[in-house]
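User: I'm new to this one and would like to learn how to read its helices and strands. Could you walk me through it?

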Amino acid sequence: MASQWFYKVMGDEFGPCSAAELKVQAALGNIREDALVRKGTDGQWVSARRVKGLFDHAPKQPTATSVGEPPPIVQAVPVVVHPAPPPPAPSPTPTITTSARTPTAKPKKKRRWLAALVLIVASAGGYALFRGSKASINPLQSIANTELQSKLDRAIEFDHRNVGIDVSVYYRDAFDKSVVVFDLQDVSGSNSRLDVFRVLLDFAEKMQDDYCETVELAFRGETKFKMDGFYFRTLGRERDLQNPAYTIRTFPENLKTPSGVSAYPEWTGGLIGVLNKQMEDFNDFHDNWYLDEMK
C-alpha cells in the first residue's frame, strides 16, 4: 500500500494523499517549507523542509480540460470617484419683528441641529477616509461605510497573521447598499496569497447576514473581479464548516471580470489534473488582483 501523507494549511489538516500528490502541492506553493506534514495517521508532525525531495521539481502533471474555452481576462475599467461636495451652508433665516412680538429661538435651534448633523457626517467621513474608505454625500451612507469598515477591522484585528494586509471596504454607490467593494490597499512581502484569502473569508463571515447583490474585489480603487452576493454570503456561512481546500479550489470559477464575463472555467477530468488547473487559476487570480501591480 502506497504511503499516505497529511499536511496542514491555514491551521486545517488535509489528507490522506500520495507522495506524488504531496509533491504537486509543494510545487504549486500550497505547501511551504515551514508547513507541517506527517507520514501516515500515526506519524509525527515535522517541518515540510525535512521531507527529502519534496521541494524538487514537480512531477509531470496530468492534463485537464475545461468546460468551454476559458474567456480572456477583460481589462478592468478604472472607476473614478469624484470627491463629495461639501454640505450646503444653512441659509440665513430672516427674523420678522413687530411691536407686539419678539424674535423666537427657532432659527438658532435649527442652526444647532444642522451643525450637529454636519459634525456627525464629518466624523463618519473622516474615519472612512482615514481607513481608506469612501466618504459620501449621503450622511447615512457615510455612517454605513464606517460600520462596514468596523466589521472588517473586528474580523481581523486579533490574528497576527493579518499584520501587513491593508483593506478598505465600502458601498459602491452613495444611496445604494447593493454593491460592496473589498478594496485591497497594500500587502507586505511577508504575507502569502492564503493570508489575503483568509482575510476575505473572515470578512465574508461577518457579512453572512447582510444582503448585497454583488461584491467587487478591487486594488487601490480599481475593480479587478466581481462575485455574486449570494455566493459571498455562502462563503461566510460555511467558513467553519466547509473544507478550506475545496473553497480555495472552487473559488476562481465563481469570479467574473468587471464586464460580467466568467473569469475562470470549471475544470473536468482526472483528479490530479483538475486539482492542478484549479490551483493555477487560484494563483493567477491573485496575480491579476494585486501581485502584478506590486512587482
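User: How many bridges join strand 6 to strand 7?

Analyst: First, some ground rules. This is a predicted model, where local features need pLDDT of at least 70, side-chain atom pairs count only at pLDDT 80 or more, and totals for chains, interfaces and linings use all residues. Residues are numbered from 1 along each chain as its sequence is written, and side-chain values use heavy atoms, leaving out hydrogens and water. Strands (E, at least two residues) and helices (H or I, at least four) are DSSP runs numbered from the N terminus, and two strands pair if DSSP finds at least two bridges between them. Here, eight bridges join strand 6 to strand 7 (residues 176-187), and the two run antiparallel. Val169, for instance, has Phe182 in strand 7 as its bridge partner.

User: In what order do the strands of the open sheet come?

Analyst: The four strands go 6-7-8-9, with mixed pairing. Strand 6 (165-173) and strand 9 (222-228) are the edges, each pairing on one side only.

User: How do I read two packed helices?

Analyst: You describe them by the angle between their axes and the distance between the axes. Axes are lines fitted to C-alpha atoms, for helices over the stretch in contact, with angles from 0 to 180 degrees between N-to-C directions. Helix 4 (residues 193-206) and helix 5 (residues 229-237) have axes that come within 7 Å and cross at roughly 95 degrees. That makes helix 4 roughly perpendicular to helix 5 (65 to 115 degrees counts as such). Their contact (heavy atoms within 4.5 Å) involves residues including Leu200 and Phe203 of helix 4 and Phe232 of helix 5.

Terms used. Angles under 35 degrees count as roughly parallel, over 145 as roughly antiparallel, 65 to 115 as roughly perpendicular and the rest as oblique.
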